[in-house]
Amino acid sequence: MAHKTFCHKVRKTPAFSTKVRTYKKPDWAIVEIIRLKALMPDSGCRALADIFNRRFATQRVSVGKTWVANTLQQHRHAVLLKRKELKNKAPYQMTPFRTGGWI
């Protein structure tokens with residue numbers, strides 16, 4: 001008796017489409033990610049992506065964890081400058097509380 005080998009059929013077309021449409025994120029998204037990281041330096045990429053996606057869900061702009069990580073890696077110096085700017089920012093000028101008759 002001869003040994004039979006089983007040959008699997010090779011699919012000629014891929015099961016999924018190889019065309020991927022990726023659009024460049026708007027410039028304000030990069031600025032916003034830098035600002036969020038400057039405000040929350042201990043937060044990770046996943047947390048920043050979740051916060052960004054919740055905040056801008058109505059504008060139909062979403063970011064992924066990998067995109068946030070790559071953006072922060074490319075703009076590391078901008079994050080440091082933004083943190084320095086926020087730390088050295090002058091406090092808001094507040095008017096005195098004038099509801100009582102004591103001022």
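A: The model is predicted. Its protein chain has four helices and zero strands, so the order of elements from the N terminus reads α-α-α-α. Of the 103 residues in the chain, 17% are buried. The chain exposes about 9,600 Å², and 56% of that comes from carbon and sulfur atoms.

The part to look at is helix H3, which covers residues 65–74. Which of its residues are buried? They are Val68, Thr71 and Leu72. These three lie on the same side of H3, because the arc they cover around the axis is only 95°. On the face turned away from the buried side, H3 carries the exposed residues Thr66, Gln73 and Gln74.

What covers the buried side? The cover includes helix H1 (27–39), helix H2 (45–55) and helix H4 (76–87). Val68 shows some of this in detail. Apart from neighbours within four places in sequence, Val68 is in contact with Ile33, Cys45, Leu48, Ala49 and Val63.

Val68 also belongs to the largest nonpolar core, which has 13 residues. The members that touch the most others are Ile33, Leu48, Phe52, Val63, Val68 and Leu72. Two or more residues of this core come from each of H1, H2 and H3. H1 gives the most, with four residues. As a general point, nonpolar side chains in soluble globular proteins tend to be buried together.

Phe52, one of those core members, leads on to the aromatic rings. The structure holds three aromatic pairs. One of them joins Trp28 and Phe52, which are stacked with 6.0 Å centre to centre and 25° between the planes. This pair links distant parts of the chain, since Trp28 is in helix H1 and Phe52 is in helix H2, 24 residues apart. How do the two partners stand in terms of burial, buried or partly exposed? Phe52 counts as buried because its relative accessibility is 0%, while Trp28, at 35%, counts as partly exposed. Ring pairs also bring in Phe56, so that Trp28, Phe52 and Phe56 are linked into a cluster.

Glu32 is found in helix H1. At 11% relative accessibility, Glu32 counts as buried, because the cut-off for that class is under 20%. Leaving aside neighbours within four places in sequence, Glu32 is in contact with Phe52, Arg55 and Phe56.

The last stop is the loop between H2 and H3, where Arg60 lies. Most residues other than glycine have a negative phi. Arg60 is not a glycine, yet its phi is positive, at about 60°. Arg60 is exposed, with a relative accessible area of 80%.

Taken together, H3 has a buried side with Val68, Thr71 and Leu72 and an opposite face with exposed Thr66, Gln73 and Gln74. Val68 and Leu72 are among the core members that touch the most others.

Technical notes. Residues numbered from 1 in each chain as written. Predicted model: local features only at pLDDT ≥ 70, side-chain atom pairs only at ≥ 80, totals over all residues. Heavy atoms only, no water. Buried < 20%, exposed > 50% of the residue type's maximum accessible area, 1.4 Å probe, protein only. Arc of directions from axis to C-beta. Contact = heavy atoms within 4.5 Å. Core = buried A, V, L, I, M, F, W, Y, C linked by side-chain atoms within 4.5 Å. Areas by Shrake-Rupley, 256 points an atom, 1.4 Å probe, with all protein chains shown as cover. Phe/Tyr/Trp six-rings, centres within 6.5 Å; stacked < 30°, edge-to-face > 60°.
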